[in-house]
Amino acid sequence: KWGFEQAVKICREVVKYQPDFLLSFNVSYLQVQDDSFLPFMQKTLEASGLPGCHLMVELTETHFDEMPERLHNFVGECLAMGMKFALDDFGNAFSSLQMLLKYPVNVIKLDRTLMNEITHSSENLDFIMSIVYACHRSGKKVCVEGVENEDELSAVRQTDCDMIQGFYFYRPMEIEALYHILKNL
C-alpha cells in the first residue's frame, strides 16, 4: 500500500512537467488477493486528485492462471478507475498466446530473455515480430524490456513495438534526479 501511495505521489508531481505521463507500478500476487487493496487504491486516487489514466498496473504473468476470476475482477476494477493494465515479463515462464486473449490487458511487456534472443538470429527476430503483430491484432500495445545497448535498440526498432524500456536510456535513479531531468526538457 505504501508503494502505491508513493507511485501516486510521484506521478502527481511528474504530471506537472509531462501532462501525458504514465507511471507503471508493480502489483504482487498477494495484493490481488487482499480484499482491502482495491478500495485502498480507489480512496488514495480520490484523495490525491490524480486521474487513474496516469497509472499502469503491472502484474507478472506467472500468477495469471492461479486466480483467474479474482484477477478478472481486479483488472476490471483497475480499468474502471481509468488505469491501464500490463502483463509483465511475458515470455519468461508459462507464457501462452491464450493469455493475450483471455485477460483485458492494455500492454504486453516482453521479458528481457526474449530481448536476448532477437540479436542472435533473424529467425528469433521474426518470432518476436510475430508476437508483436499478434498483440497489435488483439488491440494490445507492446513494450520490449531490457534494451541495454545500440545493437539491441536497433533490433527492437525493427519489431514495430510501441514502447522500449531498458538501461540504454536510463538506469534507476533517485526521484530528485528525475525531477531535474524533467525540468530541463
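A word on the source. This is a predicted model, where local features need pLDDT of at least 70, side-chain atom pairs count only at pLDDT 80 or more, and totals for chains, interfaces and linings use all residues. Residues are numbered from 1 along each chain as its sequence is written, and side-chain values use heavy atoms, with hydrogens and water left out.

The overall picture. The protein chain has 9 helices and 6 strands; these are DSSP runs, helices being H or I of at least four residues and strands E of at least two, numbered from the N terminus. The radius of gyration is 17 Å, close to the 16 Å from the globule rule for 185 residues, so the chain is as compact as a globular protein of that length. That radius is taken over C-alpha atoms, and the rule is 2.2 Å times the number of residues to the power 0.38. The C-alpha trace spans about 50 × 45 × 25 Å along its principal axes.

Of the 185 residues, 40% are buried. Buried means under 20% relative accessible area, exposed over 50%, and partly exposed in between, with a 1.4 Å probe and protein chains only. Contacts next, meaning heavy atoms within 4.5 Å. Among those between residues at least 6 apart in sequence, 66% join residues at least 24 apart.

First site: Glu 145. Look in the loop between β5 (141-144) and α8 (150-157). Is Glu 145 buried or exposed? Buried, with a relative accessible area of 9%. Its side chain makes a polar contact of 3.4 Å with that of Lys 109. Such a contact is a pair of N or O atoms within 3.5 Å; within protein, one must be able to donate a hydrogen and the other to accept it, and residues adjacent in sequence count only if both atoms are side-chain atoms. Leaving out residues up to four places away in sequence, Glu 145 also touches others, including Asp 88, Asp 89, Arg 112 and Gln 165.

Leu 22 counts as partly exposed, at 29% relative accessibility. Beyond four places in sequence, Leu 22 touches Cys 53, His 54, Leu 55, Met 56 and Lys 84.

Phe 169 is partly exposed, at 37% relative accessibility. That's the tour.
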